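Visitor: I have this structure open and I am new to it. Can you walk me through the main points?
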Amino acid sequence: MAVGVAISSDGKQYAGKITWFVLLSTMVAASGGIIFGYDVGVSGGVSSMDPFLKRFFPGVYKKMKEDTETSNYCKFDSQLLTSFTSSLYIAGLISSFFAAPVTRDYGRRPSIIIGGLSYMVGAILAGSAVNIYMLIIGRVLLGVGLGFTNQSVPLYLSEMAPSKYRGAFNVAFQICVSIGYNSATLINYGTVRIAGGWGWRISVALAGVPAAVLAFGALFLPETPNSLIQKGDDHDKVKKLLQKIRGTNDVQDELDDLIEASYTSKAIKHPFRNLMQKKYRPQLVMSVLIPFFQQITGINVVSFYAPILFLTIGAGESASLLSATVTGIVSSMFTIITVLLVDKVGRRPLFHFGGVQMLLAQLLVGGIMAAKLGDHGSMNKPDALAVLILICIYMSGFGLSWGPLGWVVTSEIFPLEIRSAAQSIVVAVNLSMTFIIAQVFLVMLCHLKAAIFFFFAAWVLLMSVFVYFLLPETKGIPIERMEVIWREHFFWKRVIGSSQFPEDNKVDAA
């Protein structure tokens with residue numbers, strides 16, 4: 001059966017090169033990933049610290065230290081503890097829908113600034129919390145920050161990057177997520193040793209530092225040419241910005257495509273309603289399933305709860321935090337490798353290779369835990385080391401594939417007229433899945449025990465099949481010419497029919 005894996009572009013490439021101007025601009029914007037990664041790393045770390053648990057979750061602490069009858073897999077099963085983690089993501093989910101019109105009507109830069117400021121305030125409030133209510137309100141403000149930054153930063157990177165290197169520029173977001181995660185785990189490893197039991201406050205409050213850098217750095221960022229055109233700015237002004245970004249005077253071709261996309265965009269008054277049209281069916285499916293699959297890989301099992309997971313198999317408090325740091329560093333190394341490969345070998349091969357790696361690692365981890373870790377006692381050191389190595393293999397596969405590419409593909413496939421709306425769906429699905437998994441993981445761990453890894457492995461298999469048959473290659477295709485991949489795909493061309501061709505379709509401006 002033909003699967004339409006070879007998608008040819010129309011050969012159109014814009015002039016230009018990678019300039020220092022675009023590099024510095026995208027580096028500042030990509031730092032929005034640091035706050036996302038930092039929160040994932042710090043949440044799991046402080047949730048395993050004794051002073052933090054004693055102050056806010058004494059029931060969990062008592063089960064962990066004193067209860068000898070509760071199963072290893074159930075000691076952290078607390079809805080209050082999971083609410084601490086997941087409250088951020090439900091706030092991010094709701095705020096992402098407010099972020100969409102801000103990003104569309106006022107620009108990518110204001111949305112980045114709002115997100116950075118909200119996250120900074122939330123970090124200060126959570127770090128100074130004296131009760132569970134202050135802690136969760138701080139988490140909600142952190143969530144608002146994530147809703148805005150995850151909405152705007154990937155779009156900013158895609159629109160600023162030269163099309164030839166767009167994948168590498170977008171992977172920078174995931175690299176910053178990894179930097180944030182690794183920074184959090186290293187800081188947790190240090191603060192847990194502070195006498196007096198207040199080290200967790202440093203871990204939580206330091207999230208405000210990268211948020212402040214992002215918010216104030218964004219004040220000096222240029223707006224993207226796509227956004228300026230969409231807002232109706234003077235074409236000569238946009239042309240001068242393009243010349244500065246691309247490092248060449250030959251930008252008329254790209255400018256013409258931006259203007260054409262802008263006319264279509266302005267004719268659409270209700271982007272979410274238009275996203276439901278048949279001609280946008282492939283983009284709608286991808287905006288839902290790619291972030292869904294990204295979160296159902298099981299990455300949150302490792303990222304959120306890595307220290308708790310290693311505590312479950314018998315590691316000490318410091319050893320569990322160190323193990324989480326090791327797995328994070330491994331993931332970061334392979335994400336950097338993705339930067340070098342994504343625009344050379346393409347997105348699909350990396351999805352395939354990383355998916356197989358993740359699948360095998362999860363099956364083996366589940367098998368070892370099922371055979372070697374009972375409801376009581378701990379795992380012996382060789383088996384625990386084997387689990388750590390396999391989780392590193394899993395993290396390297398995620399770093400090669402679903403980690404960075406989940407953001408790369410979704411930020412580049414949407415036409416300008418639905419881009420903000422579609423990206424808000426991506427962020428909403430991502431955060432809602434993160435919320436759901438954060439809310440139910442500890443319950444699942446208690447009931448499924450080691451089989452939880454088989455559960456996520458089954459999803460990895462399903463998403464790998466999805467990519468093989470239904471995700472076309474986007475490597476090297478200009479962002480405003482991306483409609484070609486759906487026209488030529490064996491399946492999607494039957495779904496959209498002739499409606500994908502502009503000359504055969506009238507824009508719904510109602």
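Visitor: How much of the chain counts as buried?
Guide: Of the chain's 510 residues, 61% are buried, where buried means under 20% relative accessible area, exposed means over 50%, and partly exposed is in between (1.4 Å probe, protein chains only). This is a predicted model, where local features need pLDDT of at least 70, side-chain atom pairs count only at pLDDT 80 or more, and totals for chains, interfaces and linings use all residues. Residues are numbered from 1 along each chain as its sequence is written, and side-chain values use heavy atoms, with hydrogens and water left out.

Visitor: How many helices and strands does the chain have?
Guide: There are 25 helices and zero strands. Both are DSSP runs numbered from the N terminus: helices are H or I with at least four residues, strands are E with at least two.

Visitor: Next topic, salt bridges. How many does the structure hold?
Guide: The structure holds 10 salt bridges. A salt bridge is a side-chain nitrogen of Lys or Arg within 4 Å of a carboxyl oxygen of Asp or Glu. Side chains of opposite charge can pair when their charged atoms come close.

Visitor: Which residue does Arg419 meet in a salt bridge?
Guide: Arg419 meets Glu159, at 2.9 Å from N to O. Arg419 lies in helix H22 (residues 419–448) and Glu159 in helix H7 (residues 132–160), so the pair ties together parts 260 residues apart in sequence.

Visitor: Is Arg419 buried or exposed?
Guide: Arg419 is buried, at 0% relative accessible area. Glu159 also counts as buried, at 2%.

Visitor: And what does Arg347 form a salt bridge with?
Guide: Its partner is Glu412, and the closest N and O atoms are 2.9 Å apart. This pair links distant parts of the chain, with Arg347 in helix H19 (residues 347–372) and Glu412 in helix H21 (residues 402–412), 65 residues apart. Arg347 is buried at 1% relative accessible area, and Glu412 is buried at 0%.

Visitor: Which residues are linked with them in a network?
Guide: Arg166 and Asp343 are linked with Arg347 and Glu412 in a network of salt bridges.

Visitor: What about Arg487 and Glu483?
Guide: Their side chains meet in a salt bridge at 3.7 Å, N to O. Arg487 is partly exposed, at 27% relative accessible area, and Glu483 is partly exposed, at 22%.

Visitor: Back to the chain. What share of its contacts joins residues 24 or more positions apart?
Guide: Such pairs account for 83% of the contacts with a separation of 6 or more, contact meaning heavy atoms within 4.5 Å.
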